[in-house]
Each structure stands twice: as structure tokens, then as C-alpha cells.
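Trainee: I would like a close look at one part of this protein. Please take me through it step by step.

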Amino acid sequence: MSPKDVFILGAGFSSAINPQMPTTKDLTIMISKTAAQYGLNLPAPLKNAQSNGKELDENIELWMTYLSQDQPWLDAHHNLQNKATAAQLRRRIRAIIEDCTNQTTTSPPPSWLITLIKQWHKHNAAVITLNYDTLVERATMMNSLSLGAGHLYPPYLSNIRSRVEAPSHSTLIDTFKYYKLHGSVNWHYSGREIFYGETIYYSDVSRWGILGEDEQESRLYTMDKETLLIPPVTEKTTFFNNETVRQLWQQSSSVLGSARRVFVIGYSLPLSDLGMCFFLTHSQPILGTNWYVVNKDKSAASRFSELLAPQQVICDDFVGGCDSVARFVEEYLSMV
């Protein structure tokens with residue numbers, strides 16, 4: 001049975017948990033400031049944009065678009081250099097996200113997060129996220145529901161331990177499903193440009209505030225793997241060559257298309273994310289479905305109104321204010 005409630009999470013969701021969790025703009029600034037320290041040799045167009053204060057300076061999505069694609073005016077040598085820089089950027093993104101996650105989980109999670117996760121579990125919600133971090137997984141494990149990351153992820157992802165151990169089958173538990181459309185800091189693949197037919201693995205995560213032995217041991221099995229971070233670039237066809245990645249997006253489209261209510265938390269629908277714009281336009285549920293936009297950015301609701309069919313109902317009761325997410329969760333308890 002399809003869930004009636006579908007949630008879409010953006011960077012603003014993690015930022016509401018802890019302001020230290022970076023947005024796209026934050027990531028861009030952090031990487032820019034430490035590029036030389038970590039040996040990142042940014043190509044001239046990016047350096048020029050930094051010095052000139054253009055939009056490119058604040059949009060790592062456009063950086064990744066430029067670096068990950070062959071540019072027709074460059075020779076093979078320089079295009080390969082750009083792709084190597086793109087790989088370095090993905091590693092820096094993972095390091096920054098994990099560092100911010102570790103800092104965030106040294107303090108207890110906000111009460112609204114635990115409340116929301118319990119509601120997701122109770123009502124078997126579908127949760128689609130564009131975030132790389134593992135805050136939701138770690139907070140879920142605090143709820144004493146006997147849940148691990150493997151219970152939340154789609155079944156076509158494999159635990160990294162299956163490479164060295166006999167596959168173990170987790171007890172099936174009815175809970176929410178967590179679709180991470182842009183990958184995750186604990187998802188792994190070969191790193192090859194073409195990885196059709198590859199198994200996508202996930203490594204274990206510990207519950208909030210603890211770096212458990214299972215997580216540390218699990219990471220040992222990823223030494224020959226790269227982290228699967230699908231950058232939010234305007235062109236993702238290289239990553240979509242893998243059928244597991246495609247199935248992830250297709251299944252997310254299916255659950256969104258059958259939703260009775262959609263809750264968009266902390267995602268502002270930037271125009272540069274053409275992939276999500278096309279995804280949302282194609283996957284709209286039946287006309288008259290309520291879309292609740294939860295965002296401190298007051299203009300977020302109008303962008304969804306412009307994108308979606310006029311018959312979709314955009315609710316902006318939770319737009320504006322730094323406490324928009326907490327206010328929504330309090331109200332959501334009376335809506336389920």
C-alpha cells in the first residue's frame with residue numbers, strides 16, 4: 001500500500017536540526033576557502049568567478065556541472081584534470097558533511113526531530129531526501145524501534161558486509177522508507193565514470209552521539225570504494241547509467257505520484273536544480289493534492305506554485321521564520 005504522506009527534505013531540514021549543517025552556499029564557501037589547503041586546483045573560470053563575485057562563486061552545483069562534463073573547447077588532458085578535481089570535491093564534501101554531523105550529534109537531537117521520526121514510523125511514510133548526511137538514520141536508531149539503516153533504505157541496496165560475510169537478512173519491520181536521491185556519505189561504489197551493473201553498498205551508521213564498533217568495522221570494507229555522492233548538477237546522466245540509481249528515482253517518482261499529501265521541508269527549489277524541477281513536474285500526484293511548504297524562505301512557496309500544475313494546492317502556513325520546521329511538527333501531530 002502506498003503511503004498517503006510523502007516528505008521531501010532539503011538542506012534546510014538538516015540546518016533546522018543544527019545551523020552548523022551546511023547549505024549548498026555554505027559548502028561552496030567552505031570549499032573555496034580551503035581549496036589550496038587540500039590541493040584543489042580550481043580551473044580558471046572558477047577562480048575568475050571567485051575574484052569577480054559572480055553567481056558561480058556561491059553555487060557548487062555549477063562548479064560540479066562544469067568540472068564533471070567534457071568541455072568542447074578543452075583537450076582530453078584538461079578535461080581529465082577537471083574530472084579529477086570533481087572527484088576531489090566530492091571527497092571534500094563528504095569530509096565536511098561528516099565533520100558537521102559529528103559536531104551535531106555531540107548534543108541531543110531536537111525534540112521535534114524525534115517526534116517527526118516516530119510519526120514517519122507509525123504511518124509508514126515515504127521520505128525523499130536530497131541530503132547526503134546521516135542525521136535521520138542516527139536519530140531513528142535512538143527511538144528504540146530496533147531499526148537500523150538497512151530497514152530504511154530500499155532493498156536493492158546491499159550492506160557492505162556482504163562482500164566479506166555471508167549475507168544476513170534483517171527482520172522485516174514496517175517503517176518509513178528513506179530515498180536518498182543524491183546518494184549518501186555512507187553509500188559506496190567503484191568510482192568509475194561508467195558503473196552500470198554495479199552493486200551500490202551502504203555501510204553501517206551508529207545511533208546519535210555514538211561512534212560504534214559496527215560503524216568503524218563496516219568502514220574498513222570500503223577501502224577500495226568511493227563515496228556515492230550524486231552532485232546536484234544540472235546534468236546527471238553519468239550517474240543515471242546505473243540501474244540501481246535509476247530505480248531509486250523511479251520508485252521515488254511512483255510514491256510521490258500516489259501521495260495524498262506532500263510535505264516539502266527545507267527545500268527551496270533552486271532553478272539550477274533542473275533535475276528536481278523535471279522530477280517534480282513529472283511526478284505530481286492527482287490534482288487537488290495539498291503541498292505543505294515548510295521553509296524559512298518566504299519565497300519558497302511561490303516557486304512551487306509556479307512549477308506545479310495550477311490545480312495542486314500550495315499551503316504556505318509554515319513559510320517564514322527560523323522555527324518553521326518546529327512549528328510544522330507541532331501542528332502535524334493534529335493532522336495525522
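In what sense do β3 and strand β6 pair, and over how many bridges?

Mentor: This is a predicted model, so read everything below as computed from it. β3 and β6 (residues 201-202) pair in the parallel sense, over two bridges. In general, strands of a sheet pair through backbone hydrogen bonds, either parallel or antiparallel.

Now widen the view to the sheet. It is an open sheet of four strands, in the order β3-β6-β5-β7. The pairing across this sheet is mixed. β3 (158-159) and β7 (226-229) stand at the edges. Each has a single partner strand, so one side of each is left without a neighbour in the sheet.

Next, a helix residue. Arg 219 is found in α9, which covers residues 213-220. Is Arg 219 buried or exposed? Its relative accessibility is 17%, and buried means under 20%, so Arg 219 counts as buried. Leave aside the neighbours within four places in sequence. Arg 219 is then in contact with Arg 94, Glu 98, Val 185, Asn 186, His 188 and Ser 203.

For the setting, take the chain as a whole. The protein chain has 13 helices and 10 strands. It has 336 residues, and 52% of them count as buried. Consider contacts between residues at least 6 apart in sequence: 77% of these join residues at least 24 apart. The chain exposes about 15,600 Å², with carbon and sulfur atoms supplying 52% of that area.

One more feature belongs in the picture: the largest pocket. Its volume is about 1,000 Å³. The lining is made up of 44 residues, and Ala 11, Gly 12, Thr 23, Thr 24 and Gly 266 lie nearest the centre. Several elements give two or more residues to this lining: α1 (11-17), α2 (24-33), α4 (60-68), α5 (76-104), β9 (290-295) and α13 (324-332). Which of them gives the most? α1 does, with five residues. By residue class, the lining of the largest pocket divides into 21 nonpolar, 14 polar and nine charged.

Terms used
Residues are numbered from 1 along each chain as its sequence is written. This is a predicted model: local features need pLDDT of at least 70, side-chain atom pairs count only at pLDDT 80 or more; totals for chains, interfaces and linings use all residues. Side-chain values use heavy atoms; hydrogens and water are left out. Buried means under 20% relative accessible area, exposed over 50%, partly exposed in between (1.4 Å probe, protein chains only). Contact means heavy atoms within 4.5 Å. Accessible areas come from the Shrake-Rupley method with a 1.4 Å probe; for residues, only the protein chains shown count as cover. On a 1 Å grid over the protein atoms alone, a cavity is a set of points where a 1.4 Å probe fits but cannot get out, and a pocket is an open set with protein on both sides within 12 Å along at least five of seven lines; lining residues have an atom within 4 Å of a point. Grid points are joined across faces, edges and corners, and a volume is the space filled by probe spheres set on the points. Ala, Val, Leu, Ile, Met, Phe, Trp, Tyr, Cys and Pro count as nonpolar, Asp, Glu, Lys and Arg as charged, and the others, Gly among them, as polar. Two strands pair if DSSP finds at least two bridges between them.
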